[in-house]
Amino acid sequence: MKRYLFLILVAISSLTLLAQRRPAKENRRVNITTNIHGDLKYEDSKGLKATLSENIFGDKIYEDNRNNKVTYGKGIWEVVFYDFYDDEYYVLEWLASTLGKESGCKEEYKRNIHGDLQYESNRGIKASLSKNIFDDGIYKDSRGNEIKYSKEYWAEIMNDSGNNDIQVFFLMIDQTQDLRDYKEEYSIDIFGHQQFKNNQRESASLSKDIFDNMVYKDNKGNELKYTQPVWNKMVRRQGSAQKVFISLLHRFLFQQ
């Protein structure tokens, strides 16, 4: 089972998402030109033809002669392809070399009027990333997966990603593609205790006892106590109390 809180264990901004990977140079002849409308046109020695255009709404659209079409809503394109330093020729070459291996693929990435990120494909997959009225971050998809982060966790994810929810969304789409009907939640309760639970009957908590020790417990029967000096050292090393909790989850609850 994949775990998603590794998102805040690393700086997401340092990760290279699938849509950002620079293409390897291939052994083929490529010709990229600009038409009278300012659209980029691609053609290679293997017969692939593609265009990269912009509609009246500011969306970027990739299309090719293998019936593939991908639409990136306004404001998403710039973030997705930041790693290409705004070199649209290079982006088109990469999209053609990657998507050109598909056939009949239709995808759209956009942000709705509420600011929620949405993805939809003609292969029956939908996904969204939104915030509720409590500022919790919630990922859902049509495979029945749902990952929820309380506002404290979500704020840390945003901080680690340079406040870039689009990158987080792309990463979560990628990481959940092999899961079905999986649900998990990370939260901090009214007493300040960290809590984790999922629909696989796994759960864990991190709280403070009357002696000021930090206590980790999970449903596998693990229970660990850390004195404040030890705990403070762990927090300094990991970066936050949430990150320490996640590391404990991976070490004790998620171990195979």
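Is Glu-102 buried, partly exposed or exposed? In this predicted model, Glu-102 is partly exposed, with a relative accessible area of 33%; buried means under 20% relative accessible area, exposed over 50%, and partly exposed in between (1.4 Å probe, protein chains only). Residues are numbered from 1 along each chain as its sequence is written, and side-chain values use heavy atoms, with hydrogens and water left out. Because the model is predicted, local features need pLDDT of at least 70 and side-chain atom pairs count only at pLDDT 80 or more, while totals for chains, interfaces and linings use all residues.

A search of the whole structure finds nine salt bridges, a salt bridge being a side-chain nitrogen of Lys or Arg within 4 Å of a carboxyl oxygen of Asp or Glu. One of them joins Glu-102 to Arg-123, with the closest N and O atoms 3.3 Å apart. Glu-102 lies in the loop between helix H2 (88–99) and strand E6 (106–111), and Arg-123 in the loop between strand E7 (117–121) and strand E8 (126–131), so the pair ties together parts that are 21 residues apart in sequence. Helices (H or I, at least four residues) and strands (E, at least two) are DSSP runs, numbered from the N terminus. Arg-123 is partly exposed, at 48% relative accessible area.

Asp-160 and Lys-243 also meet in a salt bridge through their side chains (3.2 Å, N to O). Asp-160 lies in helix H3 and Lys-243 in helix H6 (residues 241–253), so this pair ties together parts that are 83 residues apart in sequence. Asp-160 is buried, with a relative accessible area of 12%, and Lys-243 counts as buried at 9%.

A further salt bridge is formed by Glu-54 and Lys-60, whose closest N and O atoms are 3.5 Å apart. Glu-54 counts as partly exposed at 49% relative accessibility, whereas Lys-60 is buried at 11%. Glu-54, Lys-60 and Glu-88 are linked in a network of salt bridges.

Glu-63 is found in strand E4 (residues 60–64) and counts as partly exposed at 34% relative accessibility. Leaving aside neighbours within four places in sequence, Glu-63 is in contact with Lys-49, Ala-50, Thr-51, Asn-68 and Lys-69, where contact means heavy atoms within 4.5 Å.

In helix H4 (residues 165–175), nine of the eleven residues are buried, so the helix is largely enclosed by the rest of the structure. The buried residues of H4 include Phe-169, Phe-170 and Leu-171. At the start of H4, a side-chain oxygen of Asn-164 comes to within 3.2 Å of the backbone nitrogen of Ile-166.

Terms used: A polar contact is a pair of N or O atoms within 3.5 Å; within protein, one must be able to donate a hydrogen and the other to accept it, and residues adjacent in sequence count only if both atoms are side-chain atoms.
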